[in-house]
Amino acid sequence: MATIQSVPKTKFTQSEWLNFCIFIVNYLNASNFSVLKFDKESKLFNAKVDQFDGSLNKISKADYSLRSKELKKKINASRIGFYNLVKGELSSEDAETAAAAAIIFEVLKKYTNMGRMKYNDILKFLNNLIKECESDKYKTYIEKLNLTKRVTGLKTLYNEAMELESSLFDDEGLNKRKRKATITRLELNDAYEKLVKRLNALALIDGDTDYLELFGWWNALIDKYRTVISSRIGTGKGGKTDDGEEAQHDPDSGSEEGGGSGGGDRPEIE
């Protein structure tokens with residue numbers, strides 16, 4: 001009887017385990033394989049993959065504090081540089097350039113106190129500054145001064161700051177911290193086992209014919225990662241590959257000789 005073989009979950013790195021699970025999610029979503037009989041387990045697995053993925057992007061408060069201070073310095077340096085460039089153009093011999101500089105200079109004067117602001121206030125004011133510079137009212141003057149790249153640079157810093165915020169907090173709001181990866185990984189492990197157990201049971205009950213292609217692909221993926229693990233932590237540490245044996249139909253399935261799910265001397269790692 002064809003089955004999905006065991007997988008050494010605890011030997012995967014965080015990124016290896018996430019990528020392994022994402023491969024499975026994408027394969028099931030892209031294939032024509034009917035998921036009706038394991039829809040509950042599949043949805044649970046998908047949700048736990050997303051949660052684990054999210055928790056891996058979480059950073060500590062100490063890292064957040066350090067990176068936010070660095071970003072604050074970069075933002076203020078870029079903003080001051082922008083301010084000085086515009087101020088310099090006020091004395092331009094080109095009348096149109098000087099006029100454009102005067103208009104943008106008035107805009108920038110509203111943001112001269114950002115250096116003394118708290119980090120989150122700086123982000124709010126920076127966003128307002130970017131919006132003003134990109135607005136129809138002032139965009140032409142920014143282009144006249146050849147400062148579009150400067151505005152883009154400020155926007156890049158703002159986006160970097162927003163990514164930092166999302167790495168500390170989850171999608172439900174700033175008052176709820178993301179869950180630890182150690183917890184979400186255990187939940188993903190459990191969801192994975194439930195999905196595999198359900199699929200193996202369906203193959204046993206319904207016959208394995210409809211599952212041979214899926215199981216063959218799945219086992220090949222497991223074997224690939226067994227090799228990756230063995231290369232990383234030592235020969236054979238990832239476990240023995242099965243060369244496709246466990247994804248083959250067993251004509252003697254159910255009989256006293258040759259029955260069961262196969263596996264032979266394959267190690268039960270977990």
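Which residues in α2 meet which residues in α8?

**Entry 1: ground rules**

I noted that this is a predicted model, in which local features need pLDDT of at least 70 and side-chain atom pairs count only at pLDDT 80 or more, while totals for chains, interfaces and linings use all residues. I also noted that residues are numbered from 1 along each chain as its sequence is written, and that side-chain values use heavy atoms, with hydrogens and water left out.

**Entry 2: the chain as a whole**

I looked up the elements and found nine helices and zero strands in the chain, where helices (H or I, at least four residues) and strands (E, at least two) are DSSP runs numbered from the N terminus. Read from the N terminus on, the order is α-α-α-α-α-α-α-α-α. Of the 270 residues in the chain, 39% are buried; buried means under 20% relative accessible area, exposed means over 50%, and partly exposed is in between, with a 1.4 Å probe and protein chains only. I then looked at contacts, meaning heavy atoms within 4.5 Å, and saw that residues 24 or more positions apart account for 75% of the contacts with a separation of 6 or more.

**Entry 3: confidence**

I checked pLDDT, which is the predictor's confidence in each residue, from 0 to 100. The chain has a mean pLDDT of 82, with 79% of its residues at 70 or more. Over residues 170-175 the pLDDT stays under 50, and the model has four contacts beyond four places in sequence for them.

**Entry 4: α2 against α8**

I returned to my opening question and listed E41, S42, L44, F45, K48, V49, Q51, F52, S55 and L56 on the α2 side, which meet A181, T184, R185, E187, L188, A191, Y192, K194, L195 and R198 on the α8 side. The residues of this contact divide into 10 nonpolar, four polar and six charged, where Ala, Val, Leu, Ile, Met, Phe, Trp, Tyr, Cys and Pro count as nonpolar, Asp, Glu, Lys and Arg as charged, and the others, Gly among them, as polar.

For the geometry, I found that α2 (residues 39-56) and α8 (residues 181-206) pack at an angle of about 160°, with their axes 8 Å apart. That makes α2 roughly antiparallel to α8, since angles under 35 degrees count as roughly parallel, over 145 as roughly antiparallel, 65 to 115 as roughly perpendicular and the rest as oblique. The axes are lines fitted to C-alpha atoms, for helices over the stretch in contact, and the angles run from 0 to 180 degrees between N-to-C directions.

I then looked at E41, a residue of helix α2, which counts as buried at 18% relative accessibility. Leaving aside neighbours within four places in sequence, E41 is in contact with K194, L195 and R198. E41 and A191 are 150 residues apart in sequence, yet their C-alpha atoms are 7.1 Å apart in space.

**Entry 5: other partners of α8**

How are α1 and α8 oriented to each other? I found an angle of about 40° and axes 12 Å apart, and the two helices are therefore oblique to each other. In this contact Q14, W17, F20, C21, I24 and L28 in α1 meet A181, R185, L188, N189, Y192 and L195 in α8, and by class there are nine nonpolar, two polar and one charged residues.

I also looked up α9 (residues 212-233), which packs with α8 at an angle of about 140°, with axes 12 Å apart; α8 and α9 are therefore oblique as well. Here Y192, L195, V196, L199, N200 and A203 in α8 meet L214, F215, W218 and I222 in α9, and the classes are nine nonpolar, one polar and no charged.

**Entry 6: single residues**

I noted that K9 lies in the segment before α1 (14-30) and is buried, with a relative accessible area of 6%. The C-alpha atoms of K9 and Y192 are separated by 9.8 Å, although the two are 183 residues apart along the chain.

Last, I looked at N146, in the loop between α6 (139-144) and α7 (148-168). N146 has a positive phi of about 55° although it is not a glycine, and it is exposed, with a relative accessible area of 68%.
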